[in-house]
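Dear colleague,

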Amino acid sequence: FDSLGDGYFYLGDYTQAENSKIYAVSLDATMDWPYLTLADIAILRADYGEAEKCLNAYRKLAAYPKAQADALAKRAFIRLLEDEPDAALALLADALRLHDSASIHDHSAQSRWLAGLCHVARGDLAAARRELGWLQALCGAYRLGEDNFDPALKFSLHLEARLAEAERRPK
């Protein structure tokens, strides 16, 4: 039911996705992954308290460093949505201390992208450019593009667009 929930999530049927994820956890209380999607759904509803509960459950079940870093990154995203980029950056610094990787198999692109967005929000465009450089290096190293996609590419393109917007550089 966890995978079924993923399918519903990516189809945009968040109610069915949530129901499937809750059912998956009811069948196996040791499953950690459903809690990340449940947190995402709560974030989409702007129910940040519920998202935090799901992230707490995830962090208790998934003790490995990347999982802990991913949960911190989602918390940072919530702080950014709440217009608290400094708090978000502190969480991201913790996340990157736990897990910072440029390997295509377990990269830290989401944390780097979020850090870049936080820097843009703070007006520190030089710091945002450094994060963009990291993302672009990852994309270049693995020749990511429309025929060879990884989420790192969308993070890079989005941050590049946000920087252009902040610098008032139309493309």
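Six aromatic pairs are counted in this predicted model, where rings of Phe, Tyr and Trp (its six-membered ring) pair if their centres lie within 6.5 Å, with planes under 30 degrees apart stacked, over 60 edge-to-face and the rest tilted. One of them is edge-to-face, because the rings of Phe1 and Tyr23 have centres 4.5 Å apart and planes at 85 degrees. Since Phe1 lies in the segment before helix H1 (2-11) and Tyr23 in helix H2 (residues 14-27), this pair ties together parts 22 residues apart in sequence; helices are DSSP runs of H or I with at least four residues, numbered from the N terminus.

The rings of Trp33 and Tyr58, with centres 6.1 Å apart and planes at 50 degrees, form a tilted pair, which links helix H3 (residues 33-44) to helix H4 (residues 48-61). Trp33 is partly exposed at 45% relative accessible area, whereas Tyr58 is buried at 0% (buried is under 20%, exposed over 50%, partly exposed in between, with a 1.4 Å probe and protein chains only). Ring pairs also join Phe9, Tyr10 and Tyr14 into a cluster.

Among the 34 residues that line the largest pocket, Tyr10, Asp40, Lys74, Gln110 and Phe155 are the closest to its centre; a pocket is an open set of points on a 1 Å grid over the protein atoms alone, where a 1.4 Å probe fits, with protein on both sides within 12 Å along at least five of seven lines, and lining residues have an atom within 4 Å of a point.

Residues are numbered from 1 along each chain as its sequence is written, and side-chain values use heavy atoms, without hydrogens and water. As the model is predicted, local features need pLDDT of at least 70 and side-chain atom pairs count only at pLDDT 80 or more, while totals for chains, interfaces and linings use all residues.

Best regards

Note on methods. Helices (H or I, at least four residues) and strands (E, at least two) are DSSP runs, numbered from the N terminus.
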